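Hi,

Here is the structure I promised to send over.

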There are 2 protein chains.
Amino acid sequence: MSTYRRIVLASRPQGGVAASNFRLETVPVPEIGDGQVLVRNHFLSLDPYMRMRMEDVKSYAAPQALDEVMIGGTAGEIVASRHPKFAVGDKVVGMLGWSEMGVSDGTLLKKVDATQVPLSAYLGAVGMPGMTAWYGLNQIIQPKAGQTIAVSAASGAVGSVVGQLAKQHGCRVIGIAGGRQKCDVVVNEFGFDACIDYKAGNLFKDLKAAAPDGVDGLFENVGGAVMDAVLARMNPYGRIALCGMISGYDGQLMPVHYLHMVLSMRLTMQGFIISEHMEFWPQGLGELGQLVAAGKLRYRETIAEGLEAAPDAFIGMLRGKNLGKQLVRMVAA
Amino acid sequence: MSTYRRIVLASRPQGGVAASNFRLETVPVPEIGDGQVLVRNHFLSLDPYMRMRMEDVKSYAAPQALDEVMIGGTAGEIVASRHPKFAVGDKVVGMLGWSEMGVSDGTLLKKVDATQVPLSAYLGAVGMPGMTAWYGLNQIIQPKAGQTIAVSAASGAVGSVVGQLAKQHGCRVIGIAGGRQKCDVVVNEFGFDACIDYKAGNLFKDLKAAAPDGVDGLFENVGGAVMDAVLARMNPYGRIALCGMISGYDGQLMPVHYLHMVLSMRLTMQGFIISEHMEFWPQGLGELGQLVAAGKLRYRETIAEGLEAAPDAFIGMLRGKNLGKQLVRMVAA
């Protein structure tokens, strides 16, 4: 293989993301230098945070540069190494972007054991999404047995882990997801006590029925009307981990009407970005890996085949078309 | 004096508060029993929290009961005592409500020294509003020298103390208030670095000019559009003490459009009710009393004369007509 393919950001979205915002390029495979490795990426992770990076606005990270490879987490295999710590055949996760191959000096590259845990899971339940769930739940919400925890985007890579961990804490867990199919998976596979289909149009009423004693902790991935419905049900001293507001990522502002509940119920709300809490990753990933290996933490994946499928898969994910972790597979299954 | 006057809640507001929601009653002065005192109230405190109590809704406290004396903080003098800890002539603060007199068994009644600090100040800068400012600033915002702190309702009983304390912490302090007159007082008397008149209609632009380095801490008393303007300017890891949302107290929901800043800037927002933090009152009131006695903490009062003036004064306060602490004086000045 003398060339490989990659996808760069061609233009910034005007409103919603379009396939034309991306450009597929074919480039030569580079020679690696001393201290470098060449990685063949097997999986690319598609995540909501990428949407925010596509905008040229003040946020927690620099915007994705135009004409450069789209940022993204990857899992793959070392195919050439001049680095003492990596050997050909090692499985690694890294941040090599929307690209079939990548060169690394080892920074942000981590060897993983794909014998107990499938390689792709290191991009999901045992990767950044799993850590996001672990940190937001344990460090911000700090759930106690018997409490009711609500999770939006409950069938997603983050939400599904939040709910399963909260169940292990002895909580009642209510998911919110879009559509009957996702809700069935949330309850039947992930073991939530209930899941509300926000598309059914009875969010407030359904939430009241599912959480008759109110909500003590909210893991928020969506924002807007979904967040409002839970805010209206929050109990005194409730805690909210604000992890995502995917409903507003296309640029329009999503009003929240029940912020007064933060005052009247003396809530604490905290926004967080998991990459700023690396000190927790070894502990969190260790726990998550053991749970997955033991069959105590389940996950779902939606896999698009081939790098060229990434833009459509990403747009679909932003619209909620995936179930569980959205991946792109770049080697034949 | 064989009778006194009091004001009860006659009906709950439909939208805005009306004078007809209150009823002035004349009742006999009761005989006190063993362990009781009779207090002649000199001042009644009017506070935004009363608005919320007038509604029959889920909140941090039980609703004000119909046909009972309106809740309220009072400062006055013991005029009869069969209680070992109180003597006739003692100055006291308590929660005797919208009433010229009150009987107490000593619960929630506190003797104060009105020689160094004027009696009325125990309802303002050295009372509940001052403590609200002290707690929200010191315990939630936790300001550091050099940071920029924003305060809405800056000329009010709470806001004016927040700003002066923040200045003593070495912060740059930006107030937001309604009207040029209030803003002049905020800057010239309370010593804020700047004050933005939200009625001037350039809130976002004026705030950007006044806080060119962004805002690190927000003490929020207003909500809605005023809060949005500051949210949009928040710096990473900023902290928000949510103390009041007076803009929404008349029942309509006040949307907030910039909640995504809590995520992108990893903010912490916390609602609080000062009566739940009594353990801080001795320390806080001690500090505030010393500052007032030493002339290092200034305050303004708007005083309505006579209990019968309380309803209009309260309605005016909700509309921002007062400057500083709104009081009702029930004895001739």
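**How the domains and chains meet**

In chain A, 13 residues of domain 1 are in contact with 15 residues of domain 2. On the domain 1 side of that contact, the residues divide into five nonpolar, five polar and three charged. Before you go further, keep in mind that this is a predicted model.

As for where those domains lie, domain 1 of chain A takes in 3-123 + 300-329, and domain 2 covers 128-275. Taken over C-alpha atoms, the centres of the two are separated by 28 Å.

Now for the pair of chains. How many residues of chain A are in contact with chain B? There are 25 of them, and they meet 25 residues of chain B. Helix H7 (260-264) and strand E13 (268-271) of chain A each supply at least two residues to the side that touches chain B. By class, that side of chain A has 14 nonpolar, 10 polar and one charged residues.

Chain A superposes on chain B through a rotation of 180° with 0.0 Å of shift along the axis, at an RMSD of 0.0 Å. That is the relation of a two-fold axis. The copies meet through the same surface, because 100% of the interface residues of chain A are also interface residues in chain B.

On to the inside. In soluble globular proteins, nonpolar side chains tend to be buried together. Here the largest nonpolar core has 217 residues, and those with the most contacts inside it are A:Ala310, A:Val328, B:Ala310 and B:Val328. Leaving out residues up to four places away in sequence, A:Ala310 touches A:Val328 itself, along with A:Ile7, A:Leu44, A:Leu46, A:Trp98 and A:Ala304.

A:Ala310 also belongs to helix H9 (residues 310-318) of chain A, where the buried residues are A:Ala310, A:Pro311, A:Ala313, A:Phe314 and A:Met317. They cover an arc of only 165° around the axis, so they sit on the same side of H9(A). What do these buried residues pack against? Their partners in chain A are strands E1 (3-9), E2 (22-28), E3 (37-45), E14 (301-305) and E15 (325-329), plus helix H1 (49-53). Just after H9(A), A:Gly320 takes a positive phi of about 80°.

Cheers

Terms used: Residues numbered from 1 in each chain as written. Chains lettered and ligands numbered in written order. Predicted model: local features only at pLDDT ≥ 70, side-chain atom pairs only at ≥ 80, totals over all residues. Domains from an automatic or database assignment. Contact = placed C-beta atoms within 7 Å. Nonpolar A, V, L, I, M, F, W, Y, C, P; charged D, E, K, R; others polar. Least-squares fit on C-alpha atoms with pLDDT ≥ 70 in both. Core = buried A, V, L, I, M, F, W, Y, C linked by C-beta atoms within 7 Å. Buried ≥ 20, exposed ≤ 12 C-beta atoms within 10 Å, placed from the backbone. Helix = DSSP H or I, 4+ residues; strand = E, 2+ residues; numbered from the N terminus. Arc of directions from axis to C-beta.
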